[in-house]
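Have a look at the structure first, then read on.

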Amino acid sequence: MAQQPTCPFRLDPAGSDFAGESARLRALGPATRVELPDAVEAWSITGVDLLKELLNDPRVSKDPNRHWPAYINGEISQEWPLFLWIAVTNMFTAYGEDHMRLRKLVAKAFTPRRTAAMRPRIEEITGDLLDAIAATPAGEPVDLRAALAHPLPIKVICDLFGVPDKARDELRRAVDSVFNAAAPPEEVAATQVTLYGLLADLVSSKRAAPGDDMTSDLISARSDDGSGLSEAELLDTLLLTISAGFETTVNLLDNAITALLTHPDQLALVRSGGATWDDVIDEALRWKAPVPNLPLRFAVEDIELEGGVTIRQGDAILAAYGAAGRDPQVHGETAEEFDITRPTRRDHLAFGYGAHYCLGVSLARLEAAIVLPALFERFPDLTLAVPADRLESLGTMLANGHKAVPALLRPMAAV
Ligand code: HEM
């Protein structure tokens, strides 16, 4: 393992250059001391093998209440931009048996049957959004993020949880803010108030009138011993499952669309049947993990790594899924390139690994497998309306996507 620098590597909260930053981190070895916003220190794990090992290691926990001294001692402010990623009471931050209990209750409601049953609704929403896009006046660019990648997963997840139409915009803005690692303290505080207010309203309306939705299922979900979710667990589980279904899938769609528009040879290959849409989805997830940095895990005891490096008990650990997707030890010297025929395209960690592996993976894949072919079939001449290097990144180390994806539906000559 390379020599660790004495000062931690300061991660850019705005994630302005994931590829460059990841390469610099990897050059320092698979585990590197980094500085998160507000000078909070952690280990960033960028090597695939080490990341898999640690994600499966019982000496690594996600529970800050039990295993992060800095949190227990009150050193982590409630206005820290990453606060909601650690201070929630749900499976995301649970360890051991607690994690199994919380995950099982949600998995019971999140059945493959319910996901598969979403297909007609996803197709309908996709069709409606594409119709609206088709109505764009000739020659005018359309932002495919705002018009398609963003609204689709949000409509799907809000339908699934029975979120009323009137609450959706506010919920979307609040979830966007949770993913903003550069959010100022007053925004962090306001987001927490808004989110919990919206979720409490949702729960009380479903208690009064249960429906065929996941919020009602979670309210009535019971473990084998008859116990259900506590009130805090219920609100935080809704927060997790609803927000996990938003920004992540939005960025998968954004990244897959922009990758194909900037690699016409790959688009031609999938169109000709030489590769599948699943290949596109996996390679997009590998190339640009929608959640490039996943906060946080904690060492339950000292963990010795190769090369005499020790992660000390209580140290925080960041899973660098974005950097791992480009690990040359797994993906070779061409790891930086987007190539849907790459033999290792499925060997990514974009959905995590081990006990906390993404629970929404089949829903996310289903959405992408419906939207991507529908978009490119409907608009065979789609092109970006700006040069690729003018696409602006989201501005946060927690999400990998673009502020906007302006595109032209038809070639200028046909306008
Ligand atoms: C492309 C889309 C998605 C990506 C890239 C993604 C990514 C991830 C990742 C990396 C984790 C692991 C977190 C960790 O390291 O601890 C995770 C966990 C999770 N995801 Fe997803 N996710 C996506 C879509 C969804 C959707 C649509 C849902 C649900 C509606 C969902 C629900 C969850 C839940 C509940 C967990 C927590 C599992 C646990 O802690 O046991 N995800 N996701």
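## A covered helix and its surroundings

The buried residues of helix H17 are Trp277, Asp279, Val280, Ile281, Asp282, Glu283, Ala284, Leu285, Arg286 and Trp287; buried means under 20% relative accessible area, exposed over 50%, and partly exposed in between (1.4 Å probe, protein chains only). H17 spans residues 277–287 and is mostly covered, with ten of its eleven residues buried. Helices here are DSSP runs (H or I, at least four residues), strands likewise (E, at least two), both numbered from the N terminus.

A quick word on provenance: this is a predicted model, where local features need pLDDT of at least 70, side-chain atom pairs count only at pLDDT 80 or more, and totals for chains, interfaces and linings use all residues. Residues are numbered from 1 along each chain as its sequence is written, and side-chain values use heavy atoms, with hydrogens and water left out.

Back to H17. What covers its buried residues includes helix H15 (247–262), helix H16 (264–271), H19 and H20. H17 and H20 pack at an angle of about 115°, with their axes 10 Å apart. That makes H17 roughly perpendicular to H20. The angle classes are roughly parallel under 35 degrees, roughly antiparallel over 145, roughly perpendicular from 65 to 115, and oblique for the rest. Axes are lines fitted to C-alpha atoms, for helices over the stretch in contact, and angles run from 0 to 180 degrees between N-to-C directions. The crossing of H17 and H20 is right-handed; that is the clockwise case, while left-handed has the near helix turned anticlockwise from the far one by less than a right angle. On the H17 side, Trp277, Val280, Ile281, Asp282 and Leu285 meet residues of H20 including Arg365, Leu372 and Phe376, where contact means heavy atoms within 4.5 Å.

Another helix pair is H11 (residues 165–178) and H12 (residues 185–208), whose axes come within 9 Å and cross at roughly 140°. H11 and H12 are therefore oblique to each other, and H11 passes H12 in a left-handed crossing. Among the residues that meet there are Leu171 and Val175 in H11, and Leu195 and Leu198 in H12.

Cysteine 358 lies in the loop between helix H19 (328–331) and helix H20 (361–378).

The disulfide count is zero, a disulfide being a pair of cysteine sulfur atoms within 2.5 Å. The sulfur of cysteine 158 is too far for a bond, because the closest cysteine sulfur, in cysteine 358, is 17 Å away.

| Residue | Relative accessibility | Class |
|---|---|---|
| Cysteine 158 | 0% | buried |
| Cysteine 358 | 27% | partly exposed |
| Threonine 46 | 1% | buried |
| Aspartate 38 | 56% | exposed |
| Alanine 39 | 48% | partly exposed |

Aspartate 38 has a positive phi of about 60° without being a glycine, and it is found in the loop between strand E2 (31–35) and E3. Alanine 39 is found in the loop between E2 and E3, and its phi is positive too, near 60°. A cis peptide bond joins proline 295 and leucine 296, with omega about -25°. Most residues other than glycine have a negative phi, and most peptide bonds are trans.
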